[in-house]
Amino acid sequence: MMLRYTVVQGGLGLLAVRRACVVSRFAHSAPQSEYRPIKKVMVANRGEIAIRVFRACTELGIRTVAVYSEQDTGQMHRQKADEAYLIGKGLPPVAAYLHIPDIIKVAKDNNVDAIHPGYGFLSERADFAQACADAGVMFVGPTPETVRKMGDKVEARALAISAGVPVVPGTDSPISSLQEAHAFAQTYGFPIIFKAAYGGGGRGMRVVKEYEELEENYQRAYSEALTAFGNGALFVEKFIEKPRHIEVQILGDKYGNVIHLYERDCSIQRRHQKVVEIAPAFQLDPHLRDRLHTDAVNLAKQVGYENAGTVEFLVDKHGKHYFIEVNSRLQVEHTVTEEITDVDLVHAQLHVCEGRSLPELSLKQNKIRVNGCAIQCRVTTEDPARGFQPDTGRIEVFRSGEGMGIRLDSASAFQGAVISPHYDSLLVKVIASGKDLPTAASKMSRALAEFRVRGVKTNIPFLQNVFANHQFLHSTVDTQFIDENQELFNLKPTQNRAQKLLHYLGHVMVNGPTTPIPVKAKPSSIDPVIPPVTMGATFDVAMRFLSECPWKRLQELRALIPNVPFQMLLRGANAVGYTNYPDNAVFKFCEVAKENGMDIFRVFDSLNYLPNMLLGMEAAGAAGGVVEAAISYTGDVSDPMRQKYSLEYYVKLADELVKAGTHILCIKDMAGLLKPESSKLLISALRDRFPDVPIHVHTHDTAGAGVAAMLACAEAGADVVDVAVDSMAGMTSQPSMGAMVACAKGTKLDTGIALEKVFDYSEYWEVARGLYAPFDCTATMKSGNADVYENEIPGGQYTNLHFQAHSMGLGNKFKEVKKAYAEANKLLGDLIKVTPSSKIVGDLAQFMVQNSLSRAEVEERADELSFPLSVVEFLQGYIGIPHGGFPEPLRSKVLKALPRIEGRPGASLPPMDFKALEEGLRAAHGDDITPEDVMSAAMYPKVFQEFKDFTANFGPVDCLSTRLFLDGPKIAEEFEVELERGKILHIKALALGDLNKAGQREVFFELNGQLRSVLVKDTVAMKEMKFHPKAQKSIKGQVGAPMPGKVLEVKVEVGSKVEKGQPLCVLSAMKMETVVNSPMAGTIKAVHVTADASLEGDDLILEIEE
């Protein structure tokens, strides 16, 4: 017999010979029955259960066959099998695995001896078991008749009653109408539960607590059952509230032998889906345990059950148990039973299917013992924070928790795996074993903490909360455990810092530096030779361009430099923004700034509007800060022909500020208009008028006369003048520090500073400046220019305007832009020009050049032009009232019927609700919101949101060097990044992939010796892949973009009636917003843009027809 068997098997090898020996050994002791050895097994399933069966088959020397759908071509289960075949071609993803003819055909064509159904799909379909039998293929499970009986919940219930097993009150057969469900509820009362008559797993199951919910839940349960099992039949039971869900694992053979392998507690459920399973059940009364085992075995014998199955019970709070159903298949949670009994259930299934008896397999009830405790967690790609919504995508990082006492059953858990939306969200089953529940739970907690899954969300943070729960660890739980412990949803966010940094670096490598102008300059590859020095930045720029929290930067500086006063600019009632804020917001900002280390508040207003300045001074003083009132300078006090901003004007304004209690008086010359003579006149007048008030002068060196002007100020009595270190000085920056120190040396103005120290300091910043080459004004400017005395463009605005002109395609027309700036200033009434007023003039100047408009044409056509939003809001009075009032009739023409603000803009605003703002931020971003975050959102809601979005995608990037932040690494470059003390990443940039169909490139890195990759959208390529039509000026009703930019808002839709001048949409570019108004009355025919769309000049926005 031995020889004959091995000849038949051919080349199955050593494992087959070993199995043949086993068969020979039991041949004389087995009961009489046909023995049909299995040589090839197909698994009519996918994922981890298919792999679980394949592994068991390989251990037994059985050849394996996989089937897969068109959507599963990349799945691991087809690679683990010896053979794999496509089924369900052209069918939907789930339908492919339900297509019995295809499965049977593959089995017959490939000489399959047996089909294992796994769980789900066809595993409890009697017609599938029958189809296998009709085809002469063994079904690894109960007989078709048993599957039918157990699959019919009503018949299974009747069998349980006949076997003396207690059942929950319910219908004797499937109900056929809503009226029957209503009648049952009237008899037994609510709550009741609908259950699918021909399937399980929580599908088609709905609890109804009151009459009003009956119809909706009936329809939903019917629909779910029909979709999942092909039959919508339902039956109704009385719902047992807060029960424990205990199931008993049974195993039977073809000879009437049935044993149990003890029980599992599956009470931790969400929407009737099991989340955590434990074997054996914790703190279960021994007598109740015996009754459960006995009833399960008796029921199985009643139906002649063979192979593996599970008998499920509910145990109420009084210790009474009720049969609910039999799952005539292998369960997802069979693993925990295997761990505590040391019985391989899949091995046993295959042997029983071959015709072996349980005694032959040494599976006798008196020999089955429980050894310790085992727990299973189902790690799924679901987001607990969003109602366990399934997540899909590519797994970028996968690192599992392993070690002693941990078993992992998975299929898609590997780096690069794509999680499909078509199937179950199970990623990996984690099974922990120990001597008791606390030991197993401890191992599970440790393993979950070791997991690193990036690219898709998982339920791991939720599971970690379960295993930290006191009730779970020390008491019993019921099926309401999750619903009654909402603290389980207080999820600790994962940091994911390393992968986020790789995403950022990849983004920069693919798309280049986040430079505000299209220049080819690259950051210097040379780092400064001394330790880096932290620089300051304007409040919004820290978030907008540096992607850092300005408050954190202030806190770090304060800790490093505890004994030097810090100064900040406060735009009066505008705080650190460009708009109006409620008064309490300005006061609160100053309070928070002072608490974080700010000392001196230089308060100014872009129009020198006194009410705005006084509010800022009061807020700074109330916070305990030193108040420095700053007068913004324009014009020329030495020119008798220019008298709007005369010496008398400045002295009178200084009088008001000193009366208001300023500690320091400042002249803020943002355009660098102070000449030596005007410096002498102005500062002498102020010094004479206020002999005891410190005077501070700030200027820019655009024209090149800054050093001379500041020396004149010092001679006239100024106490402090602002300078910049030599390597950062000149042009639109401040005058040279070295030059000032050298010129003052040996005079009464001697600073006492050694030039050598200035040179050392300058050398560092000369190298550091090279790192910021893409942002440097010298990328587009090569020298200063004395025409600033004519156009009066402030230094910072001069640079910004140059950048903006280049970004809008006007770089070759910058001379025209400067001339237009002077004309725009006159149009608006000759303004004090400091941010934001300088930006308003600049926006109007660019608008004029972009649309080839002269000053006269703007005045003439003001009632029909689509002016930049900043210009419109200025004329409405949003930033205050300019000296001399608003220009007329320009104002009336532009505003028409728009509302106007009289007096201080912020005075009419209601107080800001900081509590509501904080609650909204916590709801959006989690509980780690700080008071400083609240202030950032109060000042710049959109910028703060973008900053939080950036950090959510890329993490904190302040750990990167400047060059890496701006330009990314070079291919093959190796570098280190210190995330925090003791945590250093070793990174090497490896390669950039080709463009894929989605417009992405795969960027490859080596991180701590492991290969990592990220997919990055190529923004340039994606833009080239998209064609946007241009507006034809010859076609009436076509509205084009007046400037390049992004669409912020579309205010109309197709079919909307519009009037001439009505706002159509809002565009934004480089902080400049423009409302596009309708050039005519009519009806919207077509809209060609959506919010967030990027447009070029003249891109078609919409079409209007009369």
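In the hairpin of S9 and S10, five residues sit between the two strands, and Gly256 takes a positive phi near 85°. The model is a predicted one, with local features needing pLDDT of at least 70, side-chain atom pairs counting only at pLDDT 80 or more, and totals for chains, interfaces and linings using all residues. Residues are numbered from 1 along each chain as its sequence is written, and side-chain values use heavy atoms, with hydrogens and water left out. Helices (H or I, at least four residues) and strands (E, at least two) are DSSP runs, numbered from the N terminus.

Strand S9 (residues 244–252) is tucked away: nine of its nine residues are buried, so S9 is largely enclosed by the rest of the structure. Buried means under 20% relative accessible area, exposed over 50%, and partly exposed in between (1.4 Å probe, protein chains only). Arg244, Ile246, Val248, Ile250 and Gly252 point one way from S9, while His245, Glu247, Gln249 and Leu251 point the other way, and all are buried. With strand S12 (residues 307–315), S9 pairs in the antiparallel sense over nine bridges, and Ile246 stands opposite Phe313 in S12. Six bridges link S9 to strand S10 (residues 258–270), again running antiparallel; there, Val248 has Glu263 in S10 as its bridge partner.

Lys242, in the loop between strand S8 (234–238) and S9, has a positive phi of about 50° although it is not a glycine. At 40% relative accessibility, Lys242 counts as partly exposed. Asp342 is found in the loop between H13 and helix H14 (345–354); its phi is near 60°, a positive value in a residue other than glycine, and Asp342 is exposed, with a relative accessible area of 72%. Most residues other than glycine have a negative phi, and most peptide bonds are trans. Ser328 lies in the loop between S13 and H13 and counts as buried at 1% relative accessibility. Leaving aside neighbours within four places in sequence, Ser328 is in contact with Ser123, Glu124, Pro142, Val147, Met150, Tyr305 and Ala308.

Another open sheet has five strands in the order S3-S2-S1-S4-S5, and the pairing is parallel. Strand S3 (83–86) and strand S5 (138–139) are its edge strands, each with a single partner strand, so one side of each is left without a neighbour in the sheet. Strand S1 (residues 40–43) and strand S4 (residues 114–116) pair in the parallel sense over three bridges, with Val43 opposite His116 in S4.

Further along, strand S24 (residues 600–603) and S25 pair in the parallel sense over four bridges, and Arg602 has Glu628 in S25 as its bridge partner. Six of the seven residues of strand S25 (residues 626–632) are buried, so S25 is largely enclosed by the rest of the structure.

As for helix packing, the axes of helix H23 (residues 610–622) and helix H24 (residues 647–659) come within 11 Å and cross at roughly 30°. H23 and H24 are therefore roughly parallel to each other (angles under 35 degrees count as roughly parallel, over 145 as roughly antiparallel, 65 to 115 as roughly perpendicular and the rest as oblique). Leu610, Met613 and Met617 of H23 make the contact with Leu653, Glu656 and Leu657 of H24.

Pro836 is found in the loop between helix H31 (814–827) and helix H32 (837–850), and Pro889 in the loop between helix H34 (869–876) and helix H35 (890–895).

Terms used. Axes are lines fitted to C-alpha atoms, for helices over the stretch in contact, and angles run from 0 to 180 degrees between N-to-C directions. Contact means heavy atoms within 4.5 Å. Two strands pair if DSSP finds at least two bridges between them.
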